[in-house]
Amino acid sequence: MSSQLSKEFLLEAQRRMVRIRLFDERASKMVKRGQIPGTVHTSIGQEAQVVGACMALGDQDYMTGNHRSHGHPIGKGSPLSPLMAELVGKATGVCKGRGGSLHLADFSVGSLGESGIVGSSIPIATGAALSSKILNNGKVALAFFGDGAANQGNLYESMNLAGIWKLPVIFLCENNLYALSTPAHTVTSGVIASRAAGFDIPGIRVENGQNFIEVFDAVKTAVERARSGEGPSLIEVVTYRFNEHSEGLRLGVDYRDQNEKAEWLAKDPIVLFRDYLIQESIATAEELDAIFASVEAEVEEAFEFSQSSPFPDASDPYLNLYTEPFEVYA
Amino acid sequence: MKSVMSYLGAIGAAQREAMDADERVIIIGEDVEANVYGTTGAGKARAAEGDFLQRYGKNRIRNTPISEEIIVGAAAGAAMTGLRPLVDLSYSSFTYLAMDQFVNQIAKNRFMFGGQASIPVVFRSAMFYGLNTGAHHSDRPYPMYMNVPGLKIITPASPSDAKGLLRSAIDCDDPVLIFEACPLWPMKEEVEEDEYWIPLGVGRTLREGTDITIVAISGAVPEAVAAAEELAKEGISAEVFDPRTLVPMDIEGIIKSVTKTGRLVVADPAHQTCSAASEISALVAEHAWDSLTAPIKRVTTPDTQIPFSPALEKHLYPNRLSIAAAARSVLKVSQPV
Ligand SMILES: Cc1ncc(C[n+]2csc(CCOP(=O)(O)OP(=O)(O)O)c2C)c(N)n1
Ligand SMILES: [Mg+2]
């Protein structure tokens, strides 16, 4: 499958991975400088897992995500400026400043929303797949969630419903080995991917989640299966977050082994993919440098946009609470 | 043309109208295919004339597993992407299993995503109180949901209100929870067979009066009417008002009545603390204080769990006697002997 990918497509993959990296590096700095209120959770280190999954989807396909939230819409093709403005709480933000880092959503690229409640958006993706099925519009839905979320009951209710109704949905577990400070193996009985067997749906474990092609191939197979009416799949991608759980978080205990960290840092998905593209003579170093430089400019532009944009008007606290609003007696 | 319909029959009629009117309306829930709860078919038997499964097919009438969280969440996701699901949750107590989806997704997504989502979905559930089903099935939980901005809440108290309000709920682009009171099920009345819609947020005066306003909710409505009839015999003229929808609340209608009578009793089958009655009382106290000539009185269910025994349950809820007694106490008159 990957052998059929065009150069253009592969370079777009690298571009999106670099976008996530540079966007999140900038967001991290902005948190530390007080330019973003609250905190953010970066996808640095997990770019191949995010973009591999997003690019296996079509532009019209749906996606939901979690608190580690910026990578998903970026991976799906969302422009950076409204995302950055949202992190700062500006009126020009993708959610008009009502969502913030934890609740990015860009319906124009099929991003139905990130969720601050761990696991809570999995049923939403399942429901989007239900509407695809009933409306027969060929759209597939994908739910991103972590290894921590894999222990929420709603995942199993979702897999069961998707299984009986053969819904076109992909449950994509980003197993970065930890839920905050908790090692996955200490709270997870068995292998996450193996849980699919109980629902008689495919359960695939991508061991090398740092490799764009491996993630892409696994998700693409599931997407094609879903689109042809054969139903859901569970995919567990093993990966690692390079930063702390959230930016600025100081736990005072190091719950991650230094050797383990060093091993994973050596498996930088962006470096690996760059090397691959050069080795296979798909792209030159100059071409890849140019992508990096243009994304740097995009992020700079997004930052400027977030700074120059106005804050939202505070006069209407009820804006968009309802589609059909009513007078409130306060 | 009008015909006699029961409360459940009127709900079934509204569901049929909505299914006929719009392909995007689907019905999902436990046991809806076999019409176990009596709103998705003509008779009890499958494939009887008017049976929803036969009429609309398996794609639009779907039995679900007993998994309330995914039923509610999937309905939300489907509503965000082009369907208009009508969800039968059977008993109101089962809504709690889906609390995360109601509170964190359904109520918040449109607001939180800056208006990108609209979530046209209706959740029906029945409050099986007064039927000796014990504590797990007898809840009247609408006040909990009134505390969640982003939801709309309706509590129809007659067959004709049920039919017209349900149509409006299904056509509404916002999520609506409808709480149906089982004590109202036996109620029958003439209902318009043609389509009609009752707007959300508009209450109804069931009986005009000048001495006291009784605002009644859900299953307390017929009890309040009976209380008013009793009071009339004693020379007390009570006005009975049913807000019909709790969010949005027709507070103007309530205040208009209180302005006329100067006195207010609120009868609400929910537990007292933070009940709909509490909210109505507070709003009237804040906005119509000058019209009041006596303290407001709430008639609610005491803050305890619902016991099973028939000897214990029935008298807990507002009834014609307790509502009439509350009215007399507000009017400082005693019951004639
Ligand atoms: C329901 C719920 N419980 C707890 C939290 C607090 N919390 C936020 S992220 C997180 C860890 C999640 O781990 P995982 O799902 O593996 O995602 P990761 O952060 O590793 O990407 C926790 C415990 C929450 N937001 N929601
Ligand atoms: Mg994790």
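**Reading the two chains**

Reply: Let us begin with burial in chain B, where buried residues make up 57% of the 337 residues; a residue is buried if 20 or more other C-beta atoms, placed from the backbone, lie within 10 Å of its own, exposed if 12 or fewer, and partly exposed in between. In chain A, buried residues make up 54% of the 330 residues. This is a predicted model, in which local features need pLDDT of at least 70 and side-chain atom pairs count only at pLDDT 80 or more, while totals for chains, interfaces and linings use all residues. Residues are numbered from 1 along each chain as its sequence is written, and chains are lettered from A and ligands numbered from 1 in the order in which they are written.

Me: How does the radius of gyration of chain B stand against that of a compact globule?

Reply: The radius is taken over C-alpha atoms, and the globule rule is 2.2 Å times the number of residues to the power 0.38. For the 337 residues of chain B the rule gives a value near 20 Å, and chain B has 20 Å, which agrees. The C-alpha atoms of chain B fill a box of roughly 60 × 45 × 40 Å along the principal axes, and those of chain A one of roughly 50 × 50 × 45 Å.

Me: How many helices and strands are there in chain B?

Reply: Helices (H or I, at least four residues) and strands (E, at least two) are DSSP runs, numbered from the N terminus. Chain B has 12 helices and 14 strands, and chain A has 11 helices and 8 strands.

Me: In what order do the strands of the open sheet in chain B stand?

Reply: Strands of a sheet pair through backbone hydrogen bonds, either parallel or antiparallel, and two strands count as paired if DSSP finds at least two bridges between them. In chain B, 7 strands form an open sheet in the order β3-β2-β4-β5-β7-β6-β12, with mixed pairing. Because β3 (61-63) and β12 (245-247) of chain B each have a single partner strand, one side of each is left without a neighbour in the sheet. Strand β6 (residues 152-154) of chain B runs antiparallel to β12(B), joined by 2 bridges, and Ile154(B) has Thr245(B) as its bridge partner in β12(B).

Me: What is the pairing in the open sheet of chain A?

Reply: That sheet has 6 strands in the order β2-β1-β3-β4-β8-β7 (chain A), and the pairing is parallel. Its edge strands are β2 (111-114) and β7 (203-206) of chain A, each of which pairs on one side only. Strands β4 (residues 169-175) and β8 (residues 233-238) of chain A are paired over 6 bridges, with Ile170(A) opposite Ser233(A) in β8(A).

Me: How many residues of each chain are in contact with the other?

Reply: Two residues are in contact if their C-beta atoms, placed from the backbone, lie within 7 Å. By that rule, 35 residues of chain A are in contact with 39 residues of chain B. On the side of chain A that touches chain B, β2, α5 and α6 (153-165) of chain A each supply at least two residues, and α5(A) gives the most, with 10 residues.

Me: Which residues come nearest to ligand 1?

Reply: A residue is near a molecule if its C-beta atom, placed from the backbone, lies within 6 Å of it. Of the 15 residues around ligand 1, Val118(A), Gly146(A), Gly148(A), Ala149(A) and Ala179(A) come nearest.
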